[in-house]
Structure formats: C-alpha cells, structure tokens
Amino acid sequence: FEPSVAPFSVVMLLDMSGSTKSFRQNIQLAAARFIEALAPDDRVAVIEFYNKVNLRNDFTTDRRVVLRSIAVANGQGD
C-alpha cells in the first residue's frame, strides 16, 4: 500500500437563516479560510440555506467562483 492524495469534492452548506444574521461575517470568513486550506484540484459546490435552498455554484476548482459565492450568500437569494 502507498499513501495517495486524490482530489475530492466538497459541498459547503452555509446557514444564512435569520438566526445567523448577527454573525454571518464570521461564517463567511471561516468558510473562506476552509476553502483556502483545500488542495487546488479539490472541487467545491456552495449552497446557502435559509427558508429555502439556493445553489450558489456547482462543483468547480475555480476558487474565485467559490469565494464569490461565499461573499454574496445573504439569505435572500439572487
């Protein structure tokens, strides 16, 4: 057996319900830091949820897309 590092897919769920309104900036900062710790080939989809579920981006390795999705998540949809 040999150790292997293979890319993986992550679904990031962001709770943007009303109960998180006072600390959403902290949620977004923690989410962005988590993304920065992933390997470049790891794929990420971002979903925000509140009174509905909103796909912010499908699986991608483009960190700009992912970080933008995190930044614009606000619990109100598009």
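Here is a short chat about a predicted model and how its parts pack together. Local features need pLDDT of at least 70, side-chain atom pairs count only at pLDDT 80 or more, and totals for chains, interfaces and linings use all residues. Residues are numbered from 1 along each chain as its sequence is written, and side-chain values use heavy atoms, with hydrogens and water left out.

Student: In what order do the 3 strands of the open sheet lie?

Tutor: Strands here are DSSP runs (E, at least two residues; helices are H or I, at least four), numbered from the N terminus. Two of them pair if DSSP finds at least two bridges between them. β1 and β3 (53-60) each have a single partner strand, so they stand at the edges. With mixed pairing, the order is β1-β2-β3.

Student: Is Ala73 buried or exposed?

Tutor: Look in the segment after α2 to find Ala73. Buried means under 20% relative accessible area, exposed over 50%, and partly exposed in between (1.4 Å probe, protein chains only). Because its relative accessibility is 4%, Ala73 counts as buried.

Student: How far apart in space are Ala73 and Met16, C-alpha to C-alpha?

Tutor: Ala73 touches Met16 (contact means heavy atoms within 4.5 Å), and Leu14 is also among its partners. In sequence, Ala73 and Met16 are 57 residues apart. In space, the C-alpha to C-alpha value is 7.2 Å.

Note on methods: Lists of a residue's contacts leave out its neighbours within four places in sequence.
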